Amino acid sequence: MSTIALLFFPFGMALAASSDLLTMKISNKLVLLLVAGFFVVAIAINLPLQQLALHVMCALLVLVVGFILFAMRWIGGGDAKLAAATTLWLGYALTPMFVVYAGMLGGVLTLSILALRGLPLTPFLARYTWLERLHNPKSGVPYGIAMAAAGMLVYSNSVIFQQLIA
């Protein structure tokens, strides 16, 4: 049981990243599954109520900031929701580290995609819809990949992870 709980978050992050890469969408169902999974795991490890409340408040704050960024058209709505669900798992202490990693990885991802868009797309690669979409200069950047990677980099330092491996 603890192995399933331990791998739930990484599996959810991998699904979010691959979904964003292939479709430029992060499913609401996936985000809700991550949120529900957090509460199941938090109850299973007896996360103190005060700490649970801090995780929830942090996630709500990130959701509000995310929706402000979405309203400004800086990020997608799925990205805002994924960021909130991720910080729910990581907690308030690790959220700044997550934000820094997501920003750095997102910058590298964005610059890489912009560089690739400067190269011609061969007919062999153009047959893949997701590659063609990534190559299109009018298309966005699947930032969920950077957020998922950042979440994974920080996860092993989280209270949830530490309690699950204890």
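Predicted model: local features only at pLDDT ≥ 70, side-chain atom pairs only at ≥ 80, totals over all residues.

Trainee: Which residues are closest to its centre?
Mentor: Ile 75, Gly 76, Asp 79, Tyr 143 and Met 147.

Trainee: And which helices supply at least two residues of the lining?
Mentor: Among them are H3, H4 and H5, with H5 running over 95-117.

Trainee: How does the lining split by class?
Mentor: It has 14 nonpolar residues, six polar ones and four charged ones.

Trainee: OK, new topic. Which residues make the nonpolar surface patch?
Mentor: Val 64, Ile 68, Met 72 and Trp 74. The patch covers about 440 Å².

Trainee: Where does Met 72 sit?
Mentor: In the loop between helix H3, residues 49-71, and helix H4, residues 77-90.

Trainee: Why does Met 72 count as partly exposed?
Mentor: Because its relative accessibility is 41%. Partly exposed is the range between buried, under 20%, and exposed, over 50%.

Trainee: What about Arg 73, where is that?
Mentor: Arg 73 is also in the loop between H3 and H4. Its phi is near 65 degrees, a positive value in a residue other than glycine.

Trainee: Is Arg 73 buried or exposed?
Mentor: Exposed, because its relative accessible area is 76%.

Trainee: Which loop holds Asn 46?
Mentor: The one between helix H2, residues 28-44, and H3.

Trainee: Buried or exposed, for Asn 46?
Mentor: Asn 46 counts as exposed, because its relative accessibility is 62%.

Trainee: Let's switch to Leu 82. Where is it?
Mentor: Leu 82 is in helix H4.

Trainee: Is Leu 82 buried or exposed?
Mentor: Buried. Leu 82 has a relative accessible area of 0%, so it falls under the 20% cut-off for buried.

Trainee: One last thing. How many residues apart along the chain are Leu 82 and Gly 12?
Mentor: They are 70 residues apart along the chain.

How values were computed
Residues numbered from 1 in each chain as written. Heavy atoms only, no water. Patch = residues over 30% accessible without salt bridge, like charges linked within 9 Å, V, L, I, M, F, W, Y side chains within 5 Å. Areas by Shrake-Rupley, 256 points an atom, 1.4 Å probe, with all protein chains shown as cover. Salt bridge = Lys/Arg side-chain N within 4 Å of Asp/Glu carboxyl O. Helix = DSSP H or I, 4+ residues; strand = E, 2+ residues; numbered from the N terminus. Buried < 20%, exposed > 50% of the residue type's maximum accessible area, 1.4 Å probe, protein only. 1 Å grid on protein atoms, 1.4 Å probe; cavity = no way out; pocket = protein on both sides within 12 Å on 5 of 7 lines; lining within 4 Å. Nonpolar A, V, L, I, M, F, W, Y, C, P; charged D, E, K, R; others polar.
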